[in-house]
Amino acid sequence: MTKVLVINGPNLNLLGEREPEVYGKVTLESINSEMTKLSKELDISLEFFQSNHEGEIVDKIGEARKSCKAIIINPAAYTHTSVAIRDAITACSLPVVEVHLSNIYSREEFRHKSLTAPACKGQISGFGLESYLLALRAVKKIV
Ligand code: DQA
């Protein structure tokens with residue numbers, strides 16, 4: 001079965017409580033459970049990983065090279081700052097889909113630039129929980 005790694009970056013463990021006017025009331029647990037439901041239909045197995053630490057995310061991307069066929073990642077704030085995560089994405093040579101709950105292009109200017117997206121196959125931004133489900137469908141098409 002195709003295995004896909006789902007990575008969530010800093011502060012996404014706080015979804016549900018964190019800025020609900022921006023991110024909605026959805027929790028990371030419910031995102032993961034909706035993804036799990038869809039993954040069964042698509043015959044994909046998922047591994048979930050959340051970290052608030054850049055180096056841990058870099059390590060996880062590196063490890064996925066051996067065990068996974070693709071990665072779905074919401075790098076959160078690291079989207080806009082992390083050359084290390086961008087380089088890890090390039091180095092792993094897996095197809096990677098970047099997702100965001102909010103539309104980063106309709107928010108503050110510093111969020112308009114994604115350092116990580118150019119290293120990815122594509123980016124989905126602005127659809128809340130649905131961004132993750134769309135990413136999973138995209139992964140199914142490309143692996
Ligand atoms: C986010 C957007 C980022 O700008 C922000 O730092 C996040 C969440 C999103 O999913 O909309 O933490 O990645």
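This is a predicted model: local features need pLDDT of at least 70, side-chain atom pairs count only at pLDDT 80 or more; totals for chains, interfaces and linings use all residues.
Residues are numbered from 1 along each chain as its sequence is written, and side-chain values use heavy atoms, with hydrogens and water left out. Local features need pLDDT of at least 70 and side-chain atom pairs count only at pLDDT 80 or more, while totals for chains, interfaces and linings use all residues.

Strand 3 covers residues 70–74, where strands are DSSP runs of E with at least two residues and helices are runs of H or I with at least four, numbered from the N terminus. Because 5 of its 5 residues are buried, strand 3 is largely enclosed by the rest of the structure; buried means under 20% relative accessible area, with a 1.4 Å probe and protein chains only. In a regular strand the side chains alternate between the two faces of the sheet. Here A70, I72 and N74 are buried on one side, and I71 and I73 are buried on the other.

Strand 3 pairs in the parallel sense with strand 1 (residues 2–8) over 5 bridges, pairing being assigned if DSSP finds at least two bridges between two strands. In this pairing N8 stands opposite N74. Strand 4 (residues 96–100) also runs parallel to strand 3, joined to it by 3 bridges.

N74 is also among the residues surrounding the ligand, as are R18, A77, H80 and H100, a group defined by a heavy atom within 4 Å. A polar side-chain atom of H80 lies 2.7 Å from an oxygen atom of the ligand, and a backbone N or O atom of A77 lies 3.2 Å from a ligand oxygen atom.

Key
Buried means under 20% relative accessible area, exposed over 50%, partly exposed in between (1.4 Å probe, protein chains only). A polar contact is a pair of N or O atoms within 3.5 Å; within protein, one must be able to donate a hydrogen and the other to accept it, and residues adjacent in sequence count only if both atoms are side-chain atoms.
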